[in-house]
Amino acid sequence: MNNIVIINASGLSEYAMKDMGNGRNSVEFAVEAALKMPATGRAVIIDELCPCLEYLSSFTKKTRAKASASALIQALIELSEGYDNIFYFYADCPLIDTDLAGKMYRNHLKYFSEYTFADGYPVGLTVEIIKTSVLPLVAKLAENDDSVAGRNTVFSLIEKDINSFDIETEISPDDQRLLRLSLFPDTKRNFLQLKAIMKVIKDGNGLQPEQSLSGEVLNAVRKRGEFLRTLPVFIEIETSSSRPQRISYMPEAAASEGEMAVEDFKAVLSKISDFSGDAVISLSVRNEPSSHSSPAALAGAVLDHPDFSLLIETSGIGWTEEQLNLILGLDSSRLTWIVDLDALDRGLYSSLRGDGLDEAYRFASSMVEKSPGNVWLQAVRMKDNETDMEQFYKYWKERTKNVIIQKYDWCCGRLPQRKVTNLSPVKRLPCWHLKREMIVLPDGRVPVCRDDLDNEMVLGNIFSDDIESLWQNGTNYYKQHLNEEYPDLCRNCDEYYTYNY
């Protein structure tokens, strides 16, 4: 059988070339794996004008600008001409399991598969195997698809007409999809996580070295879950202590008067940038960002950091035309709006949120028109508005595809339980919010999470404390969750399995 290996080096981050702790970088490991693929006669790298890869003399290089989905498939067709199958993966995946690739290839042949992939494994551990004869059909599915090609492009295209392909799936013995684990260094966060996993595997640490590489990774992740908490990715900053409505399902937090000064906010952003690299910044926790005296200045400060994205969650009430226009003039590709509405029925809206339906709906409709791809309309689903959910959903779906039905949070038992259905997993998981998020109050205090309403578990103050120390102060709480030991606040929590980013 005559096969080709194609690894994609497009869009690699700076961390792809950083030392993984053993003198080698992720690309070098990926190249080594590529050269071990079975029954292959050629190796090609799709190189996005990346001179740092010039030492890859074992590869034929195909240099091209950033490609769309359709352009990627055309490149695969051109590069694989005369070959039977493609082994395809990204060039920054240092833990590609070549033995597992061999097993997948044998099944690919045995079952006359046209596309073979793995499911349930962490992303970056396995290859995709594509029979070259099906690429013209995939190209048809990619016609007029100008989206930037990504790691999931091939599968996403095949998924459009999945019954037209003979597909073989390699199922992980331990389904780890719920962990959302990425074994490639596209961010500082994933780089640190990857280094930790590779160190655990190298050192052994009570694992089973006789296992395959994929088996060692699966085992390490289950046994050493503490290294999955690396850096915060979602930071909610309460920039104002007020809101224009008294919302029936939202508790009053501990008093924190005033608003965060713009200069203090900028200082916080600088600390986050130095520590985390990329992040999603929200201008509120539960209060209203429009009530800040300069919300546009806050938004601009966030987007001045090229690795930050901005979330503005609002009631839609209190915005001035001047401030709104300033924000709408910012980089919309990194800006998301969520408008909390909760009900279509006027009386129900009033009982849940108080006055303001007309202003809120005018705002929401205007924003959907002005920035259609960036605006989401949200309702918290609970017993009070269950009968209204269908008409709310239909009303906004006629205007936009961006509708969120949010679960109800009873704030660890502080509020009555008003949820309609139980979505919690059968077995409790360590808290996603402890693992990936940080809360900052207007006075700089950092509580352990947004449901620590009385600020009983404060990690420190971001104005005066080192941010790394603040983050590390939350590690013991996360380790308690790993050991299935829960502080009083966490014991009644129903938010641990939800996540934002």
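Tutor: The protein carries 54 positive and 74 negative side chains, and the centres of the two sets are 3 Å apart. Here Lys and Arg count as positive and Asp and Glu as negative, with His and the chain ends not counted; each charge is placed at NZ of Lys, CZ of Arg, CG of Asp or CD of Glu. The model is predicted, so local features need pLDDT of at least 70 and side-chain atom pairs count only at pLDDT 80 or more, whereas totals for chains, interfaces and linings use all residues. Residues are numbered from 1 along each chain as its sequence is written, and side-chain values use heavy atoms, leaving out hydrogens and water.

The protein contains 17 helices and 16 strands, which are DSSP runs numbered from the N terminus (helices H or I, at least four residues; strands E, at least two). Its C-alpha atoms occupy a box of roughly 70 × 50 × 45 Å along the principal axes. Of the 501 residues, 55% are buried, where buried means under 20% relative accessible area, exposed over 50% and partly exposed in between (1.4 Å probe, protein chains only). Among contacts between residues at least 6 apart in sequence, 75% join residues at least 24 apart, a contact being heavy atoms within 4.5 Å.

The close look now turns to helix 13. This helix spans residues 389–397, and its buried residues are Met389, Phe392 and Trp396. Viewed down the helix axis, these buried residues fall within an arc of 65 degrees, so they line one face of helix 13; the arc is that of the directions from the helix axis to the C-beta atoms. The buried residues of helix 13 pack against helix 12 (357–370), strand 12 (375–381) and strand 13 (403–407).

The loop between strand 13 and helix 14 (432–436) holds Cys411. With a relative accessible area of 4%, Cys411 is buried, and its phi is near 55 degrees, a positive value in a residue other than glycine. Most residues other than glycine have a negative phi. Arg180 also has a positive phi, near 50 degrees. Arg180 sits in the loop between strand 7 (167–171) and helix 6 (188–203), and it is partly exposed at 36% relative accessible area.

Two helix residues complete the picture. Tyr477, in helix 16 (residues 475–482), is partly exposed with a relative accessible area of 22%. Beyond its neighbours within four places in sequence, Tyr477 contacts Leu434, Val448, Met457, Leu459 and Pro487. Tyr477 and Val134 are 343 residues apart along the chain, with 50 Å between their C-alpha atoms. Leu157, in helix 5 (residues 153–159), counts as buried at 2% relative accessibility. Not counting residues up to four places away in sequence, Leu157 touches Ile73, Val138, Leu141, Ala142 and Asp145. From Leu157 to Leu298 the C-alpha separation is 39 Å, and the two residues are 141 apart in sequence.
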